[in-house]
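Open the model in your viewer and keep the sequence beside it. This tour tells you what to select next and what is there.

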Amino acid sequence: MSKVFIIHRRHILLSVCLLVLVLAAMLYGDKEHVLPAFSAEATDTGRTIQMVTGEFSSKTSDGREIEAYRWDPGTVVVNKGETVNLHIYGVNGDSHPFVIEGLNVKGEVKKGQETVVTFTADKAGTYRIICLTHADMAHNGPMVGYIVVQ
């Protein structure tokens, strides 16, 4: 006696969902392919750290536009004595002239361009990277990040 199997649309959908779940579990479980939030590669010429400029914008309840700019990531941790190559890509805002207080570093990030500054973190402490265009609330700031030297 022969048997007849009837495949309904819901059986196909359930099979596809199960396959997607299995694939997602395989990818999630494969820790070797997880990407870091930012690059911090060590090379012969120092460690390279990638940052970007970002912007948040919104409207208040009275319809007023508000904006705030930031460095992303907002905090970078490096080792004392390490040479750091900080690559900052301008995503939002036309220009972000900046200083890193206490490390004698200055630069400017322009939209659509990458700025690279190199420094050696000789002294432990926390150093602020401050955008001079967005230094306070009156200028859509403060746009401040932190370099922590351990």
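How many aromatic pairs does the count come to? The count comes to one aromatic pair. Keep in mind that this is a predicted model.

**Stop 1: the ring pair**

Select Trp71 and Phe98. Their ring centres are 5.7 Å apart and their planes meet at 75°, so the pair is edge-to-face. The pair links distant parts of the chain. Trp71 sits in strand β3 (residues 65-72), Phe98 sits in strand β6, and they are 27 residues apart. Now check the surface. Trp71 is buried, with a relative accessible area of 1%. Phe98 also counts as buried, at 1% relative accessibility.

**Stop 2: the whole chain**

Zoom out and colour by secondary structure. The chain has one helix and ten strands. Start at the N terminus and the elements run α-β-β-β-β-β-β-β-β-β-β. Of the 150 residues in the chain, 28% are buried. Show the surface next. Its accessible area is about 10,500 Å², and 57% of that belongs to carbon and sulfur atoms. Contacts tell you about the fold too. Take those between residues at least 6 apart in sequence: 57% of them join residues at least 24 apart.

**Stop 3: the open sheet**

In what order do the five strands of the open sheet stand? The order is β4-β10-β9-β6-β7, and the pairing is mixed. Select β4 (75-78) and β7 (105-110). These two stand at the edges with a single partner strand each, so one side of each has no neighbour in the sheet. From one strand to the next, the twist averages 20°.

Walk through some of the pairs:

- β6 (residues 95-100) and β7 are antiparallel, with six bridges. His96 has Val109 as its bridge partner in β7.
- β6 and β9 (residues 125-131) run antiparallel and are joined by three bridges. Val99 has Ile130 as its bridge partner in β9.
- β9 and β10 (residues 144-149) pair in the antiparallel sense over six bridges. Tyr127 has Ile147 as its bridge partner in β10.

**Stop 4: His96**

Stay on strand β6 and select His96, which lies in it. Is His96 buried or exposed? His96 counts as buried, because its relative accessibility is 0%. Leave out residues up to four places away in sequence, and list what His96 touches. Among these residues are Tyr69, Trp71, Cys131, His134 and Met143. So you meet Trp71 from the ring pair again, as one of the residues that His96 touches.

**Stop 5: the nonpolar core**

Which residues have the most contacts inside the largest nonpolar core? They are Trp71, Leu86, Phe98, Ile100, Phe119 and Ile147, in a core of 23 residues. Select Ile100 and show its surroundings. Not counting residues up to four places away in sequence, Ile100 touches Leu86, Val105, Phe119, Tyr127, Arg128, Ile129 and Ile147.

**Stop 6: β5 and β8**

Move to β5 (residues 83-89) and β8. These strands pair in the antiparallel sense over seven bridges. Thr83 has Thr120 as its bridge partner in β8. Now look at the two faces of β8 (residues 114-120). Thr115, Val117 and Phe119 make the covered face. Glu114, Val116, Thr118 and Thr120 make the uncovered one.

Select Tyr89, which has its place in strand β5. Tyr89 is partly exposed, with a relative accessible area of 36%. Leaving aside neighbours within four places in sequence, Tyr89 is in contact with several residues, including Met51, Val109, Gln113 and Glu114.

**Stop 7: two loop details**

Select Asp72 and Pro73. A cis peptide bond joins them, with omega at about 0°. Pro73 has its place in the loop between β3 and β4.

Finish at Asn104, in the loop between β6 and β7. Asn104 counts as exposed, at 74% relative accessibility.

Conventions. Residues numbered from 1 in each chain as written. Predicted model: local features only at pLDDT ≥ 70, side-chain atom pairs only at ≥ 80, totals over all residues. Heavy atoms only, no water. Buried < 20%, exposed > 50% of the residue type's maximum accessible area, 1.4 Å probe, protein only. Helix = DSSP H or I, 4+ residues; strand = E, 2+ residues; numbered from the N terminus. Pairing = 2+ DSSP bridges. Core = buried A, V, L, I, M, F, W, Y, C linked by side-chain atoms within 4.5 Å. Contact = heavy atoms within 4.5 Å. Axes fitted to C-alpha atoms, helices over the stretch in contact; angles between N-to-C directions. Areas by Shrake-Rupley, 256 points an atom, 1.4 Å probe, with all protein chains shown as cover. Phe/Tyr/Trp six-rings, centres within 6.5 Å; stacked < 30°, edge-to-face > 60°.
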